Amino acid sequence: MHTKPETTSRSLRSFGYLAATGSSEQLQDWKQGLLAGELHTPVFEATADADWVYAHFLLVDQQPEAPLRAAILSANALVDHHDLESSEFEKVTDGLWAVTLRVPADWRAGYRITTHRGDGLPAWRTETERRPIRLAADAGGIDEHNPLVGASMNGAPVSLAYAPASQIPEYLATATPDLHRVGPAIGGWGESTGTPEATHPRLHHHEIFDENCQRPRNLWMYEPPSVNGPTPLAIVHDGATYARFLAVADSLDAAITTGQLAPLHVLFIDSTTVDIRSEELPVLEGTTTSIAQQFLPWARKHYQISPHREDVLVNGASFGGLAALLLVCHYPQLVGNALAQSPSLWHTNLSQEVAALPAQTNVLMQAGCYETDIHDGCLSLLRHLWEQPSAATVDFESLSGGHDWSWWNPELLTGLVRFFPGPPHSVHAS
């Protein structure tokens, strides 16, 4: 088990840091560098502790006729509706605003910036409840001074902050968000639009009637560049996000052709709308049953996939992480591996089921240290396993981030390499 103490502080804000430490010349140089495209945000600065860095998010105000009145940084999991000031920009010099955070050196986050001009309070200050406040704070757009852009569940673009020690696999492809999609981007707010067509020659789209859930279901199957006999299979929830907006087939191609990942098939399963996802993912009778009874047999019938449980992995994040655990716990004869990212164990306690998993089962749970309830849920499950050990191998990783695609996406690729390294990887003999 790998954990990171000290990273559970709610506010990471360092108020007045640049005003106190930066000279007026440096701040003006930063402003000009941003305008010239020579400086990219966030700007990271070392601290006295090598495990932490300062992250300076900068905003240039170029509209003197309608000056900036307020702005807020909607960094994943850090907007606190009880402490909005900790996410709001402060003016540090003429035309330059900033938010300085002290973050772990391997921090990863998706973020957006929302500005307010004119009279009155900004929208995030006029709301009173947590969710409307967070949606208003996230309604703006990407950081125009940051070239790193990712995608949220609904395809809306988000800027990516990767601190210096964060490990991003070199084979991770650049995301392809819907740049015309307006915010908010958090929480899957608003469904994605458009036809779910495949955008890669080996990413095959299928529409299948889900006999269990009684509705059509979109699936995408990734075929590896070369198939010489049956391969392992990874099953990934929230598949539309990966297939349409995260260029996952390009990432898989690169990982396989460079020899880091064994050739494998990957089945991406669409979770559709927020409401349907909330109904079908966190319960055994929903998507989990559909996979076990219909989609896994269908995949083996139509593609060269290993028949052995040890060669099957299920992945998901949030409710999808819970669904991954449901599948491996209730159908261990079909699935031998699970990569559960940010599993929503607050919804369903699976401690007894995980403890009862058979040998030769491998479970890796991951959670961001800033998604407090989910992180604590994983630790609670581990404490149960210390008292009631499982025959399975169950591990946990605490990562420096929030409830966030900025780490779910690269850690899916890293996890696949961990479970199915190549070359060579030979599936189990019949």
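Colleague: At 3% relative accessibility, does T287 count as buried or exposed?

Modeller: The relative accessibility of T287 is 3%. Buried means under 20% relative accessible area, exposed over 50%, and partly exposed in between (1.4 Å probe, protein chains only). T287 therefore counts as buried.

Colleague: Which pLDDT do side-chain atom pairs need in order to count?

Modeller: Residues are numbered from 1 along each chain as its sequence is written, and side-chain values use heavy atoms, with hydrogens and water left out. This is a predicted model: totals for chains, interfaces and linings use all residues, local features need pLDDT of at least 70, and side-chain atom pairs count only at pLDDT 80 or more.

Colleague: Which helix holds T287?

Modeller: Helices are DSSP runs (H or I, at least four residues), as are strands (E, at least two), and they are numbered from the N terminus. Contact means heavy atoms within 4.5 Å. Leaving aside neighbours within four places in sequence, T287 has contacts that include C213, R217, H237 and I269. The helix that holds T287 is α8.

Colleague: At what angle do the axes of α8 and α9 cross?

Modeller: Axes are lines fitted to C-alpha atoms, for helices over the stretch in contact, and angles run from 0 to 180 degrees between N-to-C directions. Helix α8 covers residues 284–302 and helix α9 covers 319–330. Their axes come within 10 Å and cross at roughly 60°.

Colleague: How are α8 and α9 set to each other?

Modeller: Under 35 degrees counts as roughly parallel, over 145 as roughly antiparallel, 65 to 115 as roughly perpendicular, and the rest as oblique. The crossing is at roughly 60°. The two helices, α8 and α9, are therefore oblique.

Colleague: How many charged residues are in the contact of α8 with α9?

Modeller: L284, T288, I291 and A292 of α8 meet A323, L326, L327 and H330 of α9. Ala, Val, Leu, Ile, Met, Phe, Trp, Tyr, Cys and Pro count as nonpolar; Asp, Glu, Lys and Arg as charged; the others, Gly among them, as polar. The contact residues are six nonpolar, two polar and, for charged, none.

Colleague: Why is α6 largely enclosed by the rest of the structure, and how many of its residues are buried?

Modeller: The buried residues of α6 are V248, A249, S251, L252, D253, A255 and I256. They pack against β9, β10, α5 (239–245), β12 (265–269) and α12 (405–419). Helix α6 (residues 248–257) has ten residues, and it is largely enclosed because the number buried is seven.

Colleague: Q214 and S318 have positive phi although neither is a glycine; which one counts as buried?

Modeller: Q214, with phi of about 60°, lies in the loop between β9 and β10 (215–222). At 53% relative accessibility, Q214 counts as exposed. S318, with phi of about 65°, is in the loop between β13 (312–317) and α9. At 13% relative accessibility, the one that counts as buried is S318.

Colleague: What is the omega of the cis peptide bond that joins G183 and P184?

Modeller: A cis peptide bond also joins T41 and P42, with omega about -10°. P42 is in the loop between α2 (24–35) and β1 (43–46), and P184 is in the loop between β8 (157–162) and β9 (203–210). For G183 and P184, omega is about 0°.

Colleague: How far apart in space are W107 and A161, C-alpha to C-alpha?

Modeller: W107 is in the loop between β5 (96–104) and β6 (108–117) and counts as buried at 1% relative accessibility. Not counting residues up to four places away in sequence, W107 touches A161, Y162 and A163, among others. W107 and A161 are 54 residues apart in sequence, and their C-alpha distance is 7.8 Å.
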